Amino acid sequence: MRNNKFRSSSKRITVKKISEKSVEDIVRELKQAGAPTSNYREQSLKIHGLICAKCGKEFESKDRHLLTVHHKDGNSRNNPPDGSNWENLCVYCHDDEHSRGLLSDHSRFKD
């Protein structure tokens, strides 16, 4: 009598090859695709200066990290080179700008 305990299964699993690209190639391509929009902050700081458009606070290069870029239309992919969709806001004013929308939405749907 034969021992079938270690016999391999006749079923084979087939793996469909999705891409010839390596994971590193895919990641590199994704980073390159996002590159044009990733430097809009520097462009906005050059165009609009180191000043908050809302409260008027001026910043120095050592604390420029406190300035953020707000997209006026809410679309972070809309980055025209002339900076017309951007305004530099300090982190406090930027937070306030986005919380205003939340508060108005809340009060509009409140019974």
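E42 is partly exposed, at 33% relative accessibility (buried is under 20% relative accessible area, exposed over 50%, partly exposed in between; 1.4 Å probe, protein chains only). This is a predicted model: local features need pLDDT of at least 70, side-chain atom pairs count only at pLDDT 80 or more, and totals for chains, interfaces and linings use all residues. Residues are numbered from 1 along each chain as its sequence is written, and side-chain values use heavy atoms, with hydrogens and water left out.

The whole structure holds four salt bridges (a side-chain nitrogen of Lys or Arg within 4 Å of a carboxyl oxygen of Asp or Glu). Among them is R41 with E42, at 3.5 Å from N to O. R41 is partly exposed, with a relative accessible area of 26%. R64 also pairs with E42, at 3.0 Å from N to O. R64 sits in the loop between α2 (40–48) and β1 and E42 in helix α2, so this pair ties together parts 22 residues apart in sequence. Helices here are DSSP runs (H or I, at least four residues), as are strands (E, at least two), numbered from the N terminus. R64 is partly exposed, at 26% relative accessible area.

K54 bridges to E97, with the closest N and O atoms 3.3 Å apart. K54 lies in the loop between α2 and β1 and E97 in helix α3 (residues 91–109), so the pair ties together parts 43 residues apart in sequence. K54 is partly exposed at 34%, and E97 is partly exposed at 28%. Shared partners join R41, E42 and R64 into one salt-bridge network.
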